Amino acid sequence: MYKFLILLFFPALLFSQKSKIEGTITNIQKEKLPLVSVEVYNSQNILLKTVTTNENGNFVLEGITENNVKLIIKDLEYAQLEKNLNLDEQKESLQIILRKDIQEIQEVVMTKQKPLVKRKIDRLEFNVENSNISSLNAWEILKKTPGVTAGNDVLAIKGSQSIVVTINDKRVMLTGDELKNLLENTQGDEVKSVEVITNPPAKYEASGSAVLNIVMKKNKIEGYRGVLSSKYIQSQYAKGVAGISQYYKKNKLSVMGSYYFGSGTYYREGTDYVNYAEDQTRWISTMNRKDKNASQNTVNFNLEYEIDSLTNVSLNYSGFFSPKSYGTYNVPTLIYNDQNEVESNYTTINDHHSRSINNSLSFQADRKLNAKSKLTWTNYFAGNNAQKYQDVLTYLDFVNQSPTKNNFVTNNKSDVKLYSTQADYQWKNEKWELESGGKYSFVTTNSRLDFSDTENGELQYRSDKSNVFDYKEHNFALYTSLAYNPGKWNFKAGLRAEKTDLEGVVSEPFEVNKNNYWKLFPTLYAQYTTTNNQQFGLSYGKRISRPSYSWLNPAKSYYNLFSYFQGDPKLKATIIHNLNFTYTWKEWNLDFYYRKEIFPSMEISYQEPSTNNLIYNFTNIEKGQAFGLSVYKNFQIKPWWSLSLSENLEHNENYFIGVDDVLYKNKVWNWVSDISTSFTLDKNSDWKLELGHRYNSPSIQGTFRISSSSSAYLVMNKKFFDKKLEASLVFNDIFRTSGEKVSTKYANQDNYFIDYRDTQSVSVSVKFNFGNQSVKNAKAIKKADEQGRM
């Protein structure tokens, strides 16, 4: 009887198991939309299933026994869409188009959301637009980006400092304090997102272990609007910035221009300790450095024009001008003998000033060849001109010697110019995507150091301590990459070939260094999405880190009579291998990684007992390797309360040859923890509060061992007058715990310094929006005949 019933109902069971239905979600620009939620309801409005689109906007419906269902498609940036569906009659794959809704867009523009993290096949996207932290500057936003650390004000991704910072995929030619100053004067409300690209695809130049790309906002609102903003920062001394951003969009033309003016006093505390085993002395220098900068100017201009529906052109200019930064350091040094008594001392007075001029200009043209392919041509110029002058006077009072004084003057000028042109071709259909292109870049660097010291009471130019350094580098690259997206699986592979020709000429002592080489840089990616939207990814990339141009200059740049910095014109490029395994599910983002570096270059220090000099220089160490785990998760505990968790645990090893020609191994387990929580205090006025804390356990860099540090912060935002006025209050490094101890101890090397960069501060910022702030008056641009024929 049971067998008969099974046979009777077997056909019905067969028909009740529906074959899977595939679909693709795009916007009106035919861009495929990832991480869009698709909810399936039955006729009684009961939720049956929820799926999410993958990287290529695809989703799959299977295992649904109901015939008539309703789909509700949701995404933060697009209007909600409902679609009734008869699964029996649906034979073809679904093609769903989402559109921007006027009211929804207006709400997104004016309402702050917690930063979203999106995992893509080749990068992690941290969306900060309209979030609480958009009231910070770009530097602070980078420090709060998952996977990014900024120990001792040096940016690193998963422990690697060999990174390239780009803005809208265009390289920023600054490093160190100059990069920090530029980003501190870039307003966070102009930043759309930050992309952490640990394995950059073949389209990107092969430089750097990873790429940190800052994506700026585009103007999408018709008409004219503007933003007036100002910020006051009180740390040890006061700083401030004020400026205006203006936007205009009409039909095919979009223009944006901004100018920000900043000024203030920058302070840094430090103490150097150097122990010399040879003569049993200990040298302690106290350095409280105060620099005033009365004028920091940041200029941005962007123009975009749609020639027709197939062709777009854009022109972008960015400039950062710091005409004069100046200060006088008074640095006392006490020298203790083996009885811990002060037997000698000297005092250094460093009177200095500097200026910096940075310009970048780019032109880009995009042309759609047909419905599946497009061509992009990009030209880019960047220039960096800097000068630093210092007058160093030293009063010496050494045991068994008569008190004396020494005076020297240095004038250091540098001029760097970069030009590049790049052509990219892209073709894609439902499952395949091809990218290919070529790039040529040319760099010239001219650095001049003039050194003079006193003789018989008069300054005399010293040619043996002066130097001229000229450097040229040509780079030619070809690349291609292919992606295949059959559904649940996504694959991507690329190959980049780069030819480098370089020449460095040193004047004193005269030396010419030439090198040219071809290198191949493969990249491989694979990603799998399960039916319950778990994502597994595996990627590999080979990279190269070429030395910064200033690191190649062998001229001795003196800090004082007993300490100087020196570059190395024979620095080798570092080859880097990155391997990543990623896992994503329900906003959990995990990244297991391994990194191997061959001849990494970095700054180290060593003491020279015969002259009592402490020397800082850039050099290659033998190798470095690290492996670790990165975790990021945002918890929406209540509609008004969220918690963000970012953790990174890494084992790092550096191998270096010491001054005694012995191979040393420096290793550490490093843990970086960043926890923040956000509260909505009043929804109507967007009154929000965020508290956060970052902890960095001990780390290493070559010969250095760096102590732990931490920082707590508070951000509060509120809007007034129909949300046209926004005020922000920010407390940084609340407990003043960000100071670090950086030490070197091996063989006869025993020195360390304690460094605090004046990060404890409170800042108040005000922003006023005027003009058209919504898209109610937006008009659709009429399609040209060319697009109608596609």
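Predicted model: local features only at pLDDT ≥ 70, side-chain atom pairs only at ≥ 80, totals over all residues.
Strands here are DSSP runs of E with at least two residues, and helices are runs of H or I with at least four, numbered from the N terminus. Strand β16 spans residues 223-234 and holds S229.

Residues are numbered from 1 along each chain as its sequence is written, and side-chain values use heavy atoms, with hydrogens and water left out.

Next come the charged pairs. Side chains of opposite charge can pair when their charged atoms come close. The whole structure has 28 salt bridges (a side-chain nitrogen of Lys or Arg within 4 Å of a carboxyl oxygen of Asp or Glu). One of them joins K439 to E205, at 3.1 Å from N to O. This pair links distant parts of the chain, 234 residues apart: K439 sits in strand β24 (residues 432-455), E205 in the loop between β14 (191-197) and β15 (210-216). K439 is buried at 15% relative accessibility, while E205 is partly exposed at 25%. R462 and D453 form another salt bridge, with their closest N and O atoms 2.6 Å apart. R462 is partly exposed at 23%, and D453 is buried at 15%. K745 pairs with D750 at 3.3 Å between the closest N and O atoms. K745 is exposed, at 66% relative accessibility. D122, R123, E195 and K492 are linked in a network of salt bridges.

Now the empty space. Rolling a probe the size of a water molecule over the atoms shows where empty space is left. On a 1 Å grid over the protein atoms alone, a cavity is a set of points where a 1.4 Å probe fits but cannot get out; a pocket is an open set with protein on both sides within 12 Å along at least five of seven lines; lining residues have an atom within 4 Å of a point. Grid points are joined across faces, edges and corners, and a volume is the space filled by probe spheres set on the points.

The second largest pocket has a volume of about 340 Å³. Its lining has 20 residues, with L502, N515, L571, K572 and A573 nearest the centre. Strands β26 (467-484), β27 (489-507) and β28 (510-529) each give two or more residues to this lining. The largest share, five residues, comes from β28.

There are six cavities of 30 Å³ or more. The second largest cavity has a volume of about 140 Å³. Among its 15 lining residues, T52, F59, V60, T529 and T530 lie nearest the centre. β3 (47-52) and β4 (58-61) each supply at least two residues of that lining.

K586 has a positive phi of about 50 degrees, although it is not a glycine. K586 is in the loop between β32 and β33, and is exposed at 59% relative accessibility. N612, also not a glycine, has a positive phi of about 55 degrees. N612 lies in the loop between β34 (601-608) and β35 (613-620), and is buried at 17%.

Terms used
Buried < 20%, exposed > 50% of the residue type's maximum accessible area, 1.4 Å probe, protein only.
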